[in-house]
Amino acid sequence: MSEGHTGEVGGRSFERVAGELRERMASGRYPLNSFLPPQRELADEFGVSRDTVQRVLKELKSEGWIESRQGASCRVVTPQHHSPASSRRSDRMATLGSLMSAAFEHREVTLDVYTLTSESLEVHIRLQAERIRSGEIAPERIALRVLLPSESLELPYPRALYAADAPHLRDRFRTITQRSTESLSHVLRDLEAAKLVPTVEFHIRHAPLTPTFKLYVINGVEVLHGLYQVVERELVLDSGEQVRALDVLGLGATLTRHVEDDDPDSAGSVFVDTMRKWYESVWDLLHETR
């Protein structure tokens, strides 16, 4: 089936396919070291052209999800899916998927997030929404607060290596942010409207700060924290054009896990308390936006 038959062209088809493949890798459907289906199968499944599939695979490769070799299928190289961590060591390294799954198994889920675009957050919230719809989990309240950089802020990344590409990268960044936040809102409101989650709260505020790290405060007692790593890579525009840029990798980033325990003076408890207070102080200073 061609993209014209689906009613989707250009960037919409690209983002739809890329988002679905990210979800499958994040959920473990395509686990670490497994191979993605051949390009032709992916094109047939999603009803898009092989050109779109090729652009998606280039993007996923540049994000660090997969690796490809001439004449071979793409292999998953980002370890997104782990068993829920039981260790309470404050220095435990973790990825987001399993810890988000564990958080949503509580009756009340509270998430305070500071991030650059909310793209990876949207992937994992959609995965948890599917678990709720299937009846696997049944939280009674979800409260999500997201701090994003101000829309008027001139960010240092993504930064084009050539000046002529700068406007296109700014547009790409805004599109990703807008698409991710709108998707988050729709997913959460749909859960509430379907009465699958009785209470849903979702708020966004924009800070005049450039995120140098990603932060998740989970259920008030656990913090995931990780510095953004700046890399030079190719970014794919909605037009299909590829440009070289300095960018940060957020999807699949390894985060440091800190957990509050019974000792208020332990390293984990102190760090969690510090980041909770930092988040509240920034949040309270800003005007809320929708």
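**Pockets and salt bridges**

Author: Helix 7 gives the lining of the largest pocket its largest share, 11 residues. Helices (H or I, at least four residues) and strands (E, at least two) are DSSP runs numbered from the N terminus. This is a predicted model, where local features need pLDDT of at least 70 and side-chain atom pairs count only at pLDDT 80 or more, while totals for chains, interfaces and linings use all residues. Residues are numbered from 1 along each chain as its sequence is written, and side-chain values use heavy atoms, with hydrogens and water left out.

Reader: How much space lies in the largest pocket?

Author: A pocket is defined on a 1 Å grid over the protein atoms alone, as an open set of points where a 1.4 Å probe fits, with protein on both sides within 12 Å along at least five of seven lines; lining residues have an atom within 4 Å of a point. Grid points are joined across faces, edges and corners, and the volume is the space filled by probe spheres set on them. For the largest pocket this gives about 680 Å³.

Reader: Which residues lie nearest the centre of the largest pocket?

Author: Strand 5 (141–149), strand 6 (159–160), helix 7 (166–193) and strand 7 (199–207) each supply at least two residues of the lining. By class the lining has 15 nonpolar, 8 polar and 8 charged residues. Of the 31 lining residues, those nearest the centre are Ser150, Glu151, Phe173, Arg174 and Thr177.

Reader: Which element supplies the largest share of the lining of the second largest pocket?

Author: The second largest pocket holds about 330 Å³ of space and is lined by 17 residues. Two or more of them come from each of helix 4 (50–62) and strand 10 (229–236). The largest share, 6 residues, comes from helix 4.

Reader: How many residues apart in sequence are the parts tied together by Glu201 and Arg141?

Author: A salt bridge (a side-chain nitrogen of Lys or Arg within 4 Å of a carboxyl oxygen of Asp or Glu) joins Glu201 and Arg141 at 3.1 Å, N to O. Glu201 lies in strand 7 and Arg141 in strand 5, so the pair ties together parts that are apart in sequence by 60 residues.

Note on methods. Ala, Val, Leu, Ile, Met, Phe, Trp, Tyr, Cys and Pro count as nonpolar, Asp, Glu, Lys and Arg as charged, and the others, Gly among them, as polar.
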